[in-house]
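Open the model in your viewer and give each chain its own colour. This tour goes to the place where two chains meet, one selection at a time.

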Amino acid sequence: MSIPPLLMKLKLVDPKNRINLWIPLFLVWLIAGLLALALSPLILLLVLLLWPTGWGKFLWLFGPRLYAVLCALRHLEVDVQGKGKEQVLLYFR
Amino acid sequence: MNNRRKILDMLADNKITTEEAERLLSLLGDEKEETETKDTKSVNPLKNLKYLRVVVKTIPNPEYQPANGNLFSNDDDDDDNVNIRVPMSLIRAGMKLTSIIPPAAYNQMDSSLKEKGIDFDLRNIKPENVEELISALGDLEVNVESKNKRKNTTVRVYAE
């Protein structure tokens with residue numbers, strides 16, 4: 001079973017400062033999961049009400065598809081280096 | 001007659017030295033290896049590809065000759081290097097996400113695109129088309145010359 005990235009590395013470097021952060025994404029997913037669980041009755045109601053318009057199906061499938069996108073974020077890396085020693089690095093792990 | 005045999009005959013006739021024969025044979029070996037690798041890739045070129053890479057590099061233009069002879073200048077504001085690695089699974093997941101857009105929203109998007117002169121229907125893009133597009137990208141390299149001609153920017157897109 002695939003799981004979303006648990007950590008995000010953020011590295012910001014300029015000639016004066018150097019910031020290296022590991023952001024615990026698993027805490028974000030935990031909160032988001034609890035929020036989704038709390039809102040699930042409302043979401044189900046909205047799905048039923050909006051089904052004839054086509055948006056119901058969208059709402060119904062959005063959660064699983066979004067989860068798939070989040071899982072696929074793993075190993076995404078964006079590295080931008082400036083002319084000096086500036087650097088911005090973003091890495092999902 | 002194959003190339004290997006030709007080289008051995010040339011060596012026997014003293015037309016080439018042992019070192020030259022050895023070098024030619026090793027080149028033949030490399031060529032064979034390369035062909036085998038290509039054959040393996042052609043069976044399923046996308047199977048082993050995991051990431052799409054976009055690399056932007058700025059390098060000084062060796063052909064640039066400044067009028068005042070000064071190669072160094074303070075207005076170097078366009079020499080950022082960018083390296084992006086996108087997992088293929090992310091592209092696929094993104095494509096699947098577009099498939100749940102309601103028809104009403106699709107129609108609105110289509111009409112907006114047509115207004116801009118882009119006759120393009122997003123519904124026609126299937127995941128297999130994305131695979132084809134990625135394989136077609138292969139090893140794309142675009143060279144961009146900067147306005148002051150002192151630097152060349154290379155944008156390289158490839159799958160690995």
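Two strands pair if DSSP finds at least two bridges between them. Keep that rule in mind for the first stop, and note that the model is predicted.

Select strand 3 of chain A, residues 77-81, together with strand 2 of chain B. How many bridges join these strands? There are 5, and the strands run antiparallel. For one of the bridges, pick A:V78; its partner in strand 2 of chain B is B:I84.

Next, show the side chains of B:R85 and A:E77. They meet in a salt bridge, with 3.8 Å from N to O. The count of salt bridges between chain B and chain A is 1.

Now turn to the side of chain B that touches chain A.

Across it, 5 residue pairs are in polar contact, both residues being at pLDDT 80 or more.

The last stop is a surface view. The size of an interface is often given as the accessible area lost when the parts come together. Between chain B and chain A, the buried area is about 1800 Å². Carbon and sulfur atoms give 63% of that area.

Methods
Residues numbered from 1 in each chain as written. Chains lettered and ligands numbered in written order. Predicted model: local features only at pLDDT ≥ 70, side-chain atom pairs only at ≥ 80, totals over all residues. Heavy atoms only, no water. Buried area = accessible area lost by both parts, 1.4 Å probe. Salt bridge = Lys/Arg side-chain N within 4 Å of Asp/Glu carboxyl O. Polar contact = N/O pair within 3.5 Å; in protein donor to acceptor, adjacent residues only side chain to side chain. Helix = DSSP H or I, 4+ residues; strand = E, 2+ residues; numbered from the N terminus.
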